[in-house]
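Please look over the chain below. The report that follows takes its helices, loops and side-chain pairs in turn.

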Amino acid sequence: MEAKAQAAGERRVRDHLIDPLKRMGLAKPSSLTVAQFEAMIAELCGKLAYMSALNLQALAEQVGNMPGGKDRDRFPIAAKILGWAAEIQPPADDASPLFRAIFAHALGQRALAEGWAPELLAELRRARVWPREYDLRQVQERAADARRRIARLEEQLRRSETLSPQDHTFRQRRAAAEVKCRRIAALAEEVLA
């Protein structure tokens, strides 16, 4: 996100989430110092800058209905707010530091080289955690099935056969996911350079 867009997004988070919650009377969590609370707010503003005003208002309503603290009068911890935000409006794949780190890592590079990056991306969207060995085996099995299907479809096209609408859509979506994975990897390389 460009600096101007990021700054505008952070203002939007303050205007549509943080300030309304403070006006509702939600206070800092008792486990945080004032400085820690301000740092939490700044981090929330930075991480949620991608959200639309409407979705921030929806998030404010949800946070307001699920406050933290013994007396239910405190801001929930940032992890909860970020989790709810991801349910309301998931961040773009290329905005996620986790996705960028994985596709910059040898794991992501291997997935791109071996043709299982689209399935890795789907797994990341689902779990939003660094994949474990078991998860990677599952991803690679799904990718093997997808690659066999793609090979079958390519063979049909070479024989000038028509693809079904479902097969055509599958082929297009997998190709688009591959392009997206390469773009995420390139963005990660820019940050590392």
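Predicted model: local features only at pLDDT ≥ 70, side-chain atom pairs only at ≥ 80, totals over all residues.

## Helix α1 and its end

Helix α1 covers residues 3-23, and its 21 residues should span 30 Å at 1.5 Å a residue. The end C-alpha atoms are 28 Å apart, which agrees. There is also a bend to note: α1 has a kink of about 40°, centred on R14.

Which residues of α1 are buried? They are G9, V13, L17, I18, P20 and L21. The cover over these buried residues includes α2 and α3. An α-helix has 3.6 residues a turn, so residues three or four places apart point the same way. V13 and L17 are both among the buried residues of α1.

R72 is not a glycine, yet its phi is positive, about 55°. Most residues other than glycine have a negative phi.

P67 lies in the loop between α3 and α4 as well. Is P67 buried or exposed? It is buried, because its relative accessible area is 10%, under the 20% cut-off. Beyond its neighbours within four places in sequence, P67 is in contact with L26, R72, D73, R74 and P76. P67 and P29 are 38 residues apart in sequence, and their C-alpha atoms are 9.9 Å apart in space.

## The aromatic pair

How many aromatic pairs does the structure hold? It holds 1. The pair is F37 with F75: the ring centres are 5.2 Å apart and the planes stand at 65°, so the geometry is edge-to-face. The angle is over 60 degrees, the cut-off for that class.

F37 lies in helix α2 (residues 34-47), while F75 lies in the loop between α3 and α4, so the pair ties together parts that are 38 residues apart in sequence. Both F37 and F75 are buried.

## A charge over a ring

The charged end of R149 sits over the ring of F170. The distance to the ring centre is 4.0 Å.

## The loop between α8 and α9

S160 is found in the loop between α8 (133-158) and α9 (165-192). Its phi is positive, near 65°, and S160 is not a glycine. S160 is exposed, because its relative accessible area is 66%, over the 50% cut-off.

## The loop between α6 and α7

G115 sits in the loop between α6 (106-114) and α7 (117-127). G115 is buried, with a relative accessible area of 15%. Leaving aside neighbours within four places in sequence, the contacts of G115 are A143, R147 and R174.

How far apart are the C-alpha atoms of G115 and A144? They are separated by 8.7 Å, and the two residues are 29 residues apart along the chain.

## Cysteines

The structure holds 0 disulfides. C45 is buried, with a relative accessible area of 2%. C181 is buried too, with a relative accessible area of 0%.

Conventions: Residues numbered from 1 in each chain as written. Heavy atoms only, no water. Helix = DSSP H or I, 4+ residues; strand = E, 2+ residues; numbered from the N terminus. Buried < 20%, exposed > 50% of the residue type's maximum accessible area, 1.4 Å probe, protein only. Phe/Tyr/Trp six-rings, centres within 6.5 Å; stacked < 30°, edge-to-face > 60°. Lys NZ or Arg CZ within 6 Å of the ring centre and 35° of its normal. Expected span 1.5 Å × (residues − 1). Bend = angle between axes of the 7 residues up to and from the residue. Contact = heavy atoms within 4.5 Å. Disulfide = S-S within 2.5 Å.
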